[in-house]
Structure formats: structure tokens, C-alpha cells
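The sequence and structure are shown first.

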Amino acid sequence: MEPTVTDNAEKSRFEIHDDGELAGFAEYHRSGNEIAFIHTEIDPRFEGRGLAGRLARAALDTARDQQLAVLPYCPFIRGWITKHPEYTDLVPTTHRARFGL
């Protein structure tokens, strides 16, 4: 079974499930047309399988689809954007220096 990512808006986080189990999440805060990523966590039992990257990509693709500006306070999300510069445009130009992008 392929891992799936869903937006659990009630808990303000994107969640990744693998074989029906919650494997990790990326917490966020939404305000207007902005989404601030606060914290990303993968359960140690699921580490080393690329799930955090899948989670980041899905969360950022959703932000793009919803035309949300991304504020990557979470070090993992910020680092992932650095490694995938095609997502830098999601961070407003006025905030890129603040996040080292």
C-alpha cells in the first residue's frame, strides 16, 4: 500500500499514513492567504523511508494549489525547499532572506 498524505484541518496538520498507520505530520498555522509550517515529525519506526520528503512535497503542492504563501518556520520544511528550489517561489520574496532562501 502506497503512503498517503491528507490535510487534517481540524488538527492543523498534514498527516502521512503508511499501511493505515500515522507515520508523521507537518503542523501548520493558516491565516488568510498564508500557511506557516511550524513543526514536522516522523515516528522513529518509519524513519529512513523517505516519508518526510513525501509529506513536505504534498503539503507544499497543496499550498501551491490553494495559492497560499508559505512561511517555512519548520527547519525540515525550510531545508526541503532549499534542496528543491522549484518551491522557493511559494515563499514571498519579502520573507526569503529571513528564512535563508
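**Salt bridges in the predicted model**

A salt bridge joins the side chains of D43 and R45, with an N to O distance of 3.4 Å. D43 is partly exposed, because its relative accessibility of 25% lies between the limits of 20% and 50%. R45, by contrast, has a relative accessibility of 53% and therefore counts as exposed, the cut-off being over 50%.

R45 also meets the side chain of E21 in a salt bridge, at 3.1 Å from N to O. This pair links distant parts of the chain: R45 lies in the loop between β4 and α1, whereas E21 belongs to strand β3 (residues 21-31), and the two are 24 residues apart. E21 has a relative accessible area of 37% and is thus partly exposed. Taken together, E21, D43 and R45 form a network of salt bridges.

A further salt bridge connects the side chains of R49 and D18, where the N to O distance is 1.9 Å. Here, too, distant parts of the chain are linked: R49 is found in the loop between β4 (34-42) and α1 (51-65), D18 is in strand β2 (residues 13-18), and 31 residues separate them. How do the two partners stand in terms of relative accessibility, buried or exposed? R49, at 46%, counts as partly exposed, whereas D18 is buried, because its relative accessible area of 4% is under 20%.

In total, the model contains 6 salt bridges, among them the R49 and D18 pair, the R45 and E21 pair, and the D43 and R45 pair.

Notes: Residues numbered from 1 in each chain as written. Predicted model: local features only at pLDDT ≥ 70, side-chain atom pairs only at ≥ 80, totals over all residues. Heavy atoms only, no water. Salt bridge = Lys/Arg side-chain N within 4 Å of Asp/Glu carboxyl O. Helix = DSSP H or I, 4+ residues; strand = E, 2+ residues; numbered from the N terminus. Buried < 20%, exposed > 50% of the residue type's maximum accessible area, 1.4 Å probe, protein only.
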